[in-house]
Amino acid sequence: MKKVKITALRKTEYHDLMVEYENPIEHTCDIAEGMSWISENGEKPEGLCPEAWKIMSEFVVNLANGKGNFFDGWMRNPDSAMISCNDGFRPVSFYIEAIK
């Protein structure tokens, strides 16, 4: 199995949507741009958001098992994927890549 590196490349916030639709909350996402994790054996790395993991785990497991080329050439690097978490107010975009 290959190791898979997960890197938070971008975090966006939609303040207008928060004001209109979100209930006030004290704690939001702890992920910052540039943070990275290594998944070994297709397992969730410690410290990675569990909700983000739900979205990306299938891609990570496939990459760890040597599979890639998702959606017939979607990514320039066939051993990678670009995945966003499902937070509609402050989505984070993750670059996921198989490493040696």
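Which residue just after α2 takes a positive phi? Glycine 66 does, at about 80°. Keep in mind that this is a predicted model.

Helix α2 covers residues 50-64, and at methionine 56 the helix bends by about 60°. Met56 is itself one of the buried residues of α2. As a reminder, an α-helix has 3.6 residues a turn, so residues three or four places apart point the same way.

Now the rings. Across the whole structure, a search finds 5 aromatic pairs. One of them joins phenylalanine 59 and phenylalanine 70, edge-to-face, with 4.9 Å centre to centre and 75° between the planes. Phenylalanine 59 sits in helix α2 and phenylalanine 70 in the loop between α2 and β3, 11 residues apart, so the pair links distant parts of the chain. Phenylalanine 59 has a relative accessible area of 15%, so it counts as buried, and phenylalanine 70 is buried too, at 12%.

Another pair is phenylalanine 71 with tryptophan 74: the ring centres are 5.4 Å apart and the planes stand at 70°, so this pair is edge-to-face. Phenylalanine 71 is exposed, with a relative accessible area of 62%, while tryptophan 74 is partly exposed, at 37%.

To finish, Phe59, Phe70, Phe71 and Trp74 belong to one aromatic cluster.

Conventions
Residues are numbered from 1 along each chain as its sequence is written. This is a predicted model: local features need pLDDT of at least 70, side-chain atom pairs count only at pLDDT 80 or more; totals for chains, interfaces and linings use all residues. Side-chain values use heavy atoms; hydrogens and water are left out. The bend at a residue is the angle between axes fitted to the seven residues ending there and the seven starting there. Helices (H or I, at least four residues) and strands (E, at least two) are DSSP runs, numbered from the N terminus. Buried means under 20% relative accessible area, exposed over 50%, partly exposed in between (1.4 Å probe, protein chains only). Rings of Phe, Tyr and Trp (its six-membered ring) pair if their centres lie within 6.5 Å; planes under 30 degrees apart count as stacked, over 60 as edge-to-face and the rest as tilted.
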